[in-house]
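Hi,

Here is the structure I said I would pass on.

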Amino acid sequence: MGKVFVLDHPLIQHKLTYIRDKNTGTKEFRELVDEVSMLMAFEITRDLPLQEKTIETPVMETKSNVLAGKKIGLVPILRAGLGMVDGMLDLIPAAKVGHVGLYRDPNTLQPVEYYIKLPSDIHERELIVIDPMLATGGSANDAIHSLKNRGAKHVKLMCLIAAPEGVEVIKQEHPDVDIYLGAMDEKLDEKGYIIPGLGDAGDRLFGTK
């Protein structure tokens, strides 16, 4: 069963408070999301494998650790997920980036992909699906299915905040996927918004209504 990690580092929690604040403007909101994404990337990559390398320090030859070359892929869910990519790339610049765009057909309620572009070797990569909000879980669930249908073997999900209802959907549908959160909120309201939440992440990132 996939695990749920709430990343309670003080810097993440401090910055999340200002991300939630309705008085935080678009510029500062973007900067804070960028910073929290980098801090979360630090935690989500904690289990990357290492290998020894022999180097020369100014003093002597020694063995030291470097990353063992495990390939990473970042897959933001359009559009709000885009706001979290740059912060992660600051820490993992060699990662490749794919994109998934989905909407739900209002008549059939089935997910429809309107855009998907992925690295050609996703079956070899550890993929991190990125979406600021995990509310009902619908978009993340559909995106992960899309990746698996194209050969993805190793998937993690990273969100700023989540509702318990959305987490349960991912745990049931994708028991092999670990979930990394900045915070687990109380619940969804009758309109499917996370309570207390942070509003609409896409609108706040891009200055739209």
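Let me start with helix 5 (residues 164-173), whose buried residues are Gly166, Val167 and Ile170. They sit on the same side of helix 5, because they cover an arc of only 100° around the axis, the arc being that of the directions from the helix axis to the C-beta atoms. Buried here means under 20% relative accessible area, exposed means over 50%, and partly exposed is in between (1.4 Å probe, protein chains only). Helices (H or I, at least four residues) and strands (E, at least two) are DSSP runs, numbered from the N terminus. The cover over those buried residues includes strand 1 (4-6), strand 9 (133-134), helix 4 (138-149), strand 10 (154-162) and strand 11 (178-184), with contact meaning heavy atoms within 4.5 Å.

Some ground rules before going on. This is a predicted model, in which local features need pLDDT of at least 70 and side-chain atom pairs count only at pLDDT 80 or more, while totals for chains, interfaces and linings use all residues. Residues are numbered from 1 along each chain as its sequence is written, and side-chain values use heavy atoms, with hydrogens and water left out.

Back to strand 9, where Leu134 is found. Leu134 counts as buried at 1% relative accessibility. Not counting residues up to four places away in sequence, Leu134 touches Gly166, Val167 and Ile170, among others including Leu157, Cys159 and Ile194. Ala135 is in the loop between strand 9 and helix 4 and also counts as buried, at 18%.

Which residues does UniProt list as "binding site"? One such feature, from an unreviewed entry, is placed at Arg79, Arg104, Asp131, Pro132, Met133, Leu134, Ala135, Thr136, Gly137, Gly138, Ser139 and Asp200. Of these, the lining of the largest pocket includes Arg79, Arg104, Asp131, Met133, Leu134, Ala135, Thr136, Gly137, Gly138, Ser139 and Asp200. The unreviewed entry also has "binding site" at Ile194, Gly199, Asp200 and Ala201, and the lining of the largest pocket takes in Ile194, Gly199, Asp200 and Ala201. UniProt positions are in the numbering used here, feature names are shortened, and annotations may be inferred rather than shown by experiment. As for the pocket, on a 1 Å grid over the protein atoms alone it is an open set of points where a 1.4 Å probe fits, with protein on both sides within 12 Å along at least five of seven lines; lining residues have an atom within 4 Å of a point.

Asp200 lies in the loop between strand 13 (194-195) and helix 6 (201-206) and is partly exposed, at 33% relative accessible area. A polar atom of the Asp200 side chain lies 2.9 Å from the backbone nitrogen of Asp203. Ala201, in helix 6, is buried at 5%. Leaving aside neighbours within four places in sequence, Ala201 is in contact with Phe29, Ala80, Pro132 and Met133.

Finally, the rings. The count comes to 1 aromatic pair (rings of Phe, Tyr and Trp, its six-membered ring, with centres within 6.5 Å; planes under 30 degrees apart are stacked, over 60 edge-to-face, the rest tilted). Phe5 and Tyr180 form this stacked pair, 4.8 Å centre to centre with 15° between the planes. Phe5 lies in strand 1 and Tyr180 in strand 11, so the pair ties together parts that are 175 residues apart in sequence. Phe5 is partly exposed at 30%, whereas Tyr180 is buried at 6%.

Cheers

Notes. Polar contact = N/O pair within 3.5 Å; in protein donor to acceptor, adjacent residues only side chain to side chain.
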